[in-house]
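Hello,

I am passing a structure over to you. Please look at the sequence and the model first, then read the notes below them.

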Amino acid sequence: MVSHGREKQDNATGKSKKTSGKTARKKKSKDSNADPNHDDDIRDMDLPEDFSITGTSMVSSEFGGSNIGGEEDDIFGDGEDDYDVDNSKDPSNRAENAAQARQAKLLDVLSLASTLTSEKRAAKREGGFRVLFKAITQYATGSVGQEILQSRWTSLLESCLYSIRGGGSNSTPAEQYAACRVLEASSIILGEDHDEIVLELNDSLKKVINATGRATQVRIAALRCLSMVHFICGTHGLEDCEDVVSVLELCEKLCSEKYRGEKVPPTLRASALDCWTLLSSTLPDVKVAGGASDDEFSTISLGRGLELLSLLALCLESTDVGLRSSAGECVTLIHECRLNLGMDDDDAENVTERRFRTGSWDGSEWEILMDEVKQRIAELSVESGHHMSKKSKKQQRSTFREFMSTIVDDEPPEEVVTFRGGSIKLTSWKEIVQLNFIRHCLQGGFQIQMMMNETLHDIFGVDGSIISDATGMAMSQLEKRLTMSKTSDASKKADKKMNKHRKTRTNVKNHFLTADGEEI
């Protein structure tokens with residue numbers, strides 16, 4: 001058959017397109033090899049601001065056909081309680097069986113970590129990290145869970161860094177975000193005094209944070225992961241460029257309106273302030289709020305918080321609700337550190353002395369600035385208008401009322417956190433900041449980790465033996481369903497009794513309607 005001229009032209013055009021595409025790919029790979037930091041110039045698609053590691057994603061539904069996550073429903077159960085492995089009525093046996101079940105499930109999931117680097121599909125890798133996050137936060141409990149995670153740490157770290165660094169050139173922002181969240185949660189399980197973990201993660205995470213082309217949520221997850229690793233695992237033995245001070249300096253740069261010549265998103269600025277507040281809670285008060293112009297501290301350098309006050313005042317004027325809340329919390333911590341300067345524990349409850357002792361702002365060069373900040377926080381605690389939703393206004397008022405009680409009235413905060421087996425009372429903003437950061441990291445695993453994680457017990461002063469005894473005597477979910485559910489025998493019996501009582505009462509009311517006075 002004789003071909004027409006149009007067909008020849010189309011074939012020639014297609015051939016030229018193929019050739020040009022191949023040339024472009026070669027040029028792209030050549031440029032990538034020439035510049036090791038080429039990912040700074042490639043801008044990833046941003047994730048939604050409410051994107052979460054525990055949220056529903058399209059990749060989770062695809063797990064059934066892959067050996068990476070095909071057992072997800074079986075691994076995490078179908079609603080049955082882990083404490084009822086053999087329906088034992090003995091609390092000690094039930095707790096032991098539950099621990100064994102958690103360990104078996106944790107081993108099953110961690111065995112998948114080594115296969116993530118060979119998986120070519122980014123969606124499958126993201127789903128694998130979601131499974132790993134849930135297993136690590138909910139099943140890596142106690143010293144045994146810590147040992148299991150340590151034994152698989154090398155393969156887990158390799159898989160996470162593989163995705164964070166690119167994942168075979170097809171890594172997605174959702175996958176990178178999930179990998180950072182897995183590393184963040186793992187640091188809490190591994191515990192303190194692990195400088196080697198800090199050194200393994202420092203460079204890779206800082207590179208992601210500094211890459212302005214990365215998705216904002218990925219940079220936020222990397223920054224929170226880096227801060228948590230330093231907070232939990234780091235010690236004072238690290239070198240100057242690898243220690244917590246270097247992370248504080250990075251947070252201070254990210255708090256500004258511009259970083260590396262580009263505008264910083266408000267969500268990233270708010271997260272940088274949250275991370276700065278967390279790491280500052282580990283410093284002595286004088287390094288946060290001590291001033292060189294104070295009489296008693298003339299030989300001490302200016303506190304890091306005082307250098308940040310002018311920027312925080314500008315953040316409080318921002319239209320972004322999250323940035324205002326983060327700035328308010330940061331100012332509150334600095335104010336608390338300032339009040340604690342020169343204060344004895346016996347005098348801490350005397351509000352009058354707190355105002356006019358060494359820790360006061362009166363007479364310092366920051367007195368006028370702090371007066372403006374106090375006025376602004378008082379305004380935000382009662383702010384109203386149509387530019388905010390009802391939910392946002394309610395949340396902002398509640399948050400800034402707590403800030404105002406400390407900044408304006410010099411009153412310490414008080415918060416009680418209840419979990420299964422016990423409760424803790426927090427009376428300082430340092431503890432509240434640390435608890436909120438850890439709670440955000442662990443998500444659904446917060447309760448079980450507060451019960452069984454020794455590192456968290458040390459941080460918040462919890463007696464682990466008391467919690468263990470209370471946990472062993474507590475009712476399981478199955479027992480609660482049998483005794484407290486609406487379908488339990490006790491509830492059915494109560495319903496029958498109430499129906500009989502209601503019927504009798506109705507008959508008494510309608511007794512006069514009968515002609516002969518007989519009972520209805």
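This is a predicted model: local features need pLDDT of at least 70, side-chain atom pairs count only at pLDDT 80 or more; totals for chains, interfaces and linings use all residues.

Residues are numbered from 1 along each chain as its sequence is written, and side-chain values use heavy atoms, with hydrogens and water left out.

The pocket

The largest pocket has a volume of about 1,300 Å³. Here a pocket is an open set of points on a 1 Å grid over the protein atoms alone, where a 1.4 Å probe fits, with protein on both sides within 12 Å along at least five of seven lines; lining residues have an atom within 4 Å of a point. The volume is the space filled by probe spheres set on the points, which are joined across faces, edges and corners. Of the 36 lining residues, Arg224, Asp274, Gly322, Ser326 and His440 are the closest to the centre of the pocket.

Two or more lining residues come from each of α7 (173-190), α9 (216-232), α11 (266-280), α14 (321-340), α17 (390-407) and α18 (429-442). Helices are DSSP runs (H or I, at least four residues), numbered from the N terminus. α18 gives the most to the lining, with seven residues. By class, the lining has eleven nonpolar, 14 polar and eleven charged residues (Ala, Val, Leu, Ile, Met, Phe, Trp, Tyr, Cys and Pro are nonpolar, Asp, Glu, Lys and Arg charged, the others, Gly among them, polar).

The helix pairs

α9 and α11 pack with their axes 10 Å apart, at an angle of about 0° (axes are lines fitted to C-alpha atoms over the stretch in contact, and angles run from 0 to 180 degrees between N-to-C directions). α9 and α11 are therefore roughly parallel (under 35 degrees; over 145 is roughly antiparallel, 65 to 115 roughly perpendicular and the rest oblique). Their contact (heavy atoms within 4.5 Å) includes Arg224 of α9 and Asp274 of α11. Its residues divide into eight nonpolar, five polar and three charged.

α7 and α18 have axes 9 Å apart and an angle of about 125°, so α7 and α18 are oblique to each other. Arg181, Glu184, Ala185 and Ile188 of α7 make the contact with Phe437, Ile438, His440, Cys441 and Leu442 of α18.

The axes of α8 (residues 195-210) and α10 (residues 244-254) come within 12 Å and cross at roughly 10°, which makes α8 roughly parallel to α10.

Regards
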